[in-house]
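Hi everyone, thanks for coming. Let me put the sequence and the model up, and then we can walk through them together.

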Amino acid sequence: MNSESRSDVPPGVRIIPREQHSISRKNISKAALRVLYRLHDAGFAAYLVGGAVRDLLLGGHPKDFDVATNATPEEVKGLFRNCRLIGRRFRLAHVVFGPEIIEVATFRGTGEEGGEGEGDRHIVDGRIVRDNIWGTIEEDAVRRDFRVNALYYDIADFSVRDYVGGMQDLEDRTMRLIGDPEQRYREDPVRMLRAARLAAKLGFTIDPTASAPFKKLGHLLTEASPARLFDESLKLFLAGHGLKSFKMLEACGLLEFLFPATARALERGDHALRALVEQGLANTDARIAEGKSVTPAFLYAVLLWGEVRDQAHGWMAQGFEMNEAWQRAAVHVVGEQCQRVAIPRRFTFTMEEIWALQPRFEQIHRKRVFRLMSHPRFRAAFDFLLLRAHESTGMRELGEWWAHAQQLPPEMLAAALGGGGVPVHDGSTVAATAPARKRRRRRKPTRGKGDTSGA
């Protein structure tokens with residue numbers, strides 16, 4: 001008998017039996033399987049849910065595996081000694097297996113607001129601030145955000161359950177929200193970023209009804225937690241599809257609410273800056289695909305470069321010394337950005353060093369060259385310099401000079417810096433000296449007669 005016609009299945013629910021879908025247990029993490037089987041053996045319902053089911057059905061390899069169950073967080077903790085309960089807004093159980101964490105969520109219900117502590121739902125100005133009402137799997141499905149994320153893999157019979165049309169969306173390669181889009185975005189504005197991110201990651205389109213409220217409600221992102229937006233920005237740009245995510249954010253009109261300085265700089269029509277940003281994102285995607293390490297600091301330095309550069313040049317035009325101008329620009333831009341996205345200090349410090357080293361690449365003198373090459377941030381700053389090749393022919397040649405200078409033994413480089421230039425790949429040479437920028441000193445204020453300040 002076809003399982004879709006079973007009498008115990010509620011109307012409108014689609015059950016896809018094991019032989020009709022592509023999910024195999026060999027592609028599910030062993031830790032997730034242990035959690036699923038233990039819950040099932042204890043008499044609880046146990047489902048793999050969300051992005052893992054979606055990606056497995058699309059032939060992908062999920063990194064995270066989430067579980068949904070009718071067991072309460074306390075009941076889950078009673079089954080696993082390696083479990084900890086977290087969250088106030090959403091009460092969850094984390095079952096820890098070494099470096100891997102399986103997140104276990106109790107089915108959410110659709111009950112009314114009220115009460116305090118466990119088992120309540122609290123809404124402020126349309127936004128869910130606490131949601132711990134337990135319910136059924138049917139209620140849990142309609143409480144999720146996108147239909148493709150509301151698919152459940154049942155460990156009891158290895159079927160996939162579809163309560164809201166998620167399988168159809170996978171076939172259509174379309175992101176559709178569950179429920180009224182405007183209401184769902186008001187409940188949680190970050191869902192707008194998730195729509196853009198998932199569409200970019202999966203190569204899906206966003207259904208017009210889901211994207212229509214972006215223009216009207218995008219400003220709500222400015223009220224979201226900066227710490228949460230930092231986590232979301234990592235998912236956008238450091239998960240292997242950063243360039244697609246960036247273009248999707250621009251197309252959806254959401255970039256200005258996440259990175260306002262970046263949006264402003266790009267709106268000025270600087271084609272070289274756009275090339276730098278897009279190449280930086282593409283390089284990051286390539287490194288991730290090759291299994292190489294990446295640092296958020298470098299990518300944030302790329303995204304904010306245009307505004308920092310323009311402000312630094314503005315300060316220098318007003319007579320500020322070069323180092324002070326760059327420092328002022330960096331502090332201002334980073335300060336503004338951290339009001340939206342809480343970039344940790346360990347990253348902003350590196351960003352500021354990468355920016356501050358850029359003008360020093362133009363000072364090609366013996367002592368300064370060797371001093372710069374010994375700087376701990378030299379390699380990151382040099383990689384950044386290469387991204388600036390589209391700014392001008394001179395910038396491209398400067399990048400070539402430093403690239404080939406690094407290939408020379410120290411004694412040969414020292415001799416080249418003494419005169420004659422450093423050879424480049426086409427057999428020509430690049431001058432070993434460059435005109436230093438004239439340093440402007442700010443005049444100290446003169447004291448008037450009778451002024452004893454500082455005495």
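Let me start with a term: helices (H or I, at least four residues) and strands (E, at least two) are DSSP runs, numbered from the N terminus. With that, Ala-31 is found in helix H1, and we will come back to Ala-31 in a moment.

First, the ground rules. This is a predicted model, in which local features need pLDDT of at least 70 and side-chain atom pairs count only at pLDDT 80 or more, while totals for chains, interfaces and linings use all residues. Residues are numbered from 1 along each chain as its sequence is written, and side-chain values use heavy atoms, with hydrogens and water left out.

Now the overview. The protein chain has 21 helices and 14 strands. I will call a residue buried under 20% relative accessible area, exposed over 50%, and partly exposed in between, with a 1.4 Å probe and protein chains only. On that scale, 48% of the 455 residues in the protein chain are buried. Accessible areas come from the Shrake-Rupley method with a 1.4 Å probe, and for residues only the protein chains shown count as cover. The chain's accessible surface is about 22,300 Å², and carbon and sulfur atoms hold 51% of that. A contact means heavy atoms within 4.5 Å. Of the contacts in the chain with a separation of 6 or more, 65% are between residues 24 or more positions apart.

On to the sheet. Two strands pair if DSSP finds at least two bridges between them. In what order do the eight strands of the open sheet come? The order is E1-E10-E9-E2-E3-E6-E5-E4, with mixed pairing. Strand E1 (14-16) and strand E4 (83-86) are the edges, each pairing on one side only. From one strand to the next, the twist averages 30 degrees. For angles, axes are lines fitted to C-alpha atoms, for helices over the stretch in contact, and the angles run from 0 to 180 degrees between N-to-C directions.

E2 and E3 run antiparallel and are joined by four bridges; Val-49 has Asp-66 as its bridge partner in E3. Asp-66 in turn has a bridge partner in E6, namely Glu-103. Strand E3 (residues 66-69) and strand E6 (residues 100-106) run parallel, again with four bridges, and the partner of Val-67 in E6 is Val-104. Val-104 is also the bridge partner of Ala-93, as E5 and E6 pair in the antiparallel sense over five bridges. The hairpin of E5 and E6 has two residues between the strands, and Gly-98 there takes a positive phi near 60 degrees. Finally, E4 joins E5 through four antiparallel bridges, with Cys-83 partnered by Val-95 in E5.

Is E5 mostly covered or mostly open? Mostly covered: five of its six residues are buried. Helix H1 (residues 30-41) lies across strand E2 (46-49), E3, strand E5 (92-97) and E6, and runs at about 35 degrees to E6. Back to Ala-31, then: at 7% relative accessibility, Ala-31 counts as buried. Leaving aside residues up to four places away in sequence, Ala-31 touches Phe-97, Glu-100 and Ile-102. Ala-31 and Phe-97 are 66 residues apart in sequence, yet 6.6 Å apart in space, C-alpha to C-alpha.

Next, helix H19 (residues 378-387). Its buried residues are Phe-378, Ala-381, Phe-382, Phe-384, Leu-385 and Leu-387. They pack against helix H14 (271-289), helix H15 (296-317), helix H17 (345-357), helix H18 (366-373) and helix H20 (393-405).

That brings me to aromatics. Rings of Phe, Tyr and Trp (its six-membered ring) pair if their centres lie within 6.5 Å; planes under 30 degrees apart count as stacked, over 60 as edge-to-face and the rest as tilted. By this rule the model has 17 aromatic pairs. Why is the pair of Phe-378 and Phe-382 stacked? Their ring centres are 6.1 Å apart and their planes are at 15 degrees, so the pair is stacked. The two are four residues apart in helix H19, which means that about one helical turn separates them. An α-helix has 3.6 residues a turn, so residues three or four places apart point the same way. Phe-378 is buried at 6% relative accessible area, and Phe-382 is buried at 3%. Elsewhere, Phe-230, Phe-237, Phe-259, Tyr-300 and Phe-347 form one aromatic cluster.

Thanks, and I am happy to take questions.
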